Amino acid sequence: MLKQIENRRSIRKYLNKKVEKEKLVQILESARLAPSGSNTQPWTFIIIESEDTKEKLSTADHHQKWMMTAPIFIVCVADIRCRISMGTKVRLDESSSEPELKQIIRDTAIAMEHILLEAEHLGLATCWTAWFEQDAVRPILNIPDDKYVCGIITLGYGDEAPKQRPRKTMEEIVRYEKW
């Protein structure tokens, strides 16, 4: 697995090649199996292949036109209802103060990373994007106000091979017993 972690890159240029359904299902299965706090599994994944919807999402995601080269977008949505009751009124956005929001973002981010690594394992490429406001993305997909869009993952066969970016050394990032 370390090889896939080491080789994974954020790809912003894709081949015009369809992703096989079996590979997409396997990628989604990897996300389904991700761990979550108290096994809440707060995630929902919306698969986007429509050119019109992809255009709207890439525009909402800070006009990132490169996204349109990817055959699939996976919109990753966190659901706070796994942690608070339906009777509680809540609207989530970038300034929400609900402590449960941090928990569902954390758990959904784990599942998203599973998607990135499984895609790499299967010879596919990805890029995790999140340069958008909730209010820009939600209406496009009819996502309710009590859900939080954690990111949009572009998925396909990469048409570029960026070099590895510099990484900090172990000595810079690891502490033992205390700070």
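The model is predicted, so local features need pLDDT of at least 70 and side-chain atom pairs count only at pLDDT 80 or more, whereas totals for chains, interfaces and linings use all residues. Residues are numbered from 1 along each chain as its sequence is written, and side-chain values use heavy atoms, with hydrogens and water left out.

In H2, Leu24, Ile27, Ser30 and Ala31 are buried (under 20% relative accessible area, with exposed over 50% and partly exposed in between; 1.4 Å probe, protein chains only). Viewed down the axis of H2, its buried residues fall within an arc of 120 degrees, taken from the directions from the helix axis to the C-beta atoms, and therefore line one face of the helix. Lys21 and Glu22, on the other side of H2, are exposed.

An open sheet is formed by 4 strands in the order E1-E2-E4-E3, with antiparallel pairing; two strands pair if DSSP finds at least two bridges between them. E1 and strand E3 (125-129) are the edge strands, each pairing on one side only. The antiparallel pairing of E1 and E2 extends over 6 bridges, and Phe45 has Cys76 in E2 as its bridge partner.

Technical notes
Helix = DSSP H or I, 4+ residues; strand = E, 2+ residues; numbered from the N terminus.
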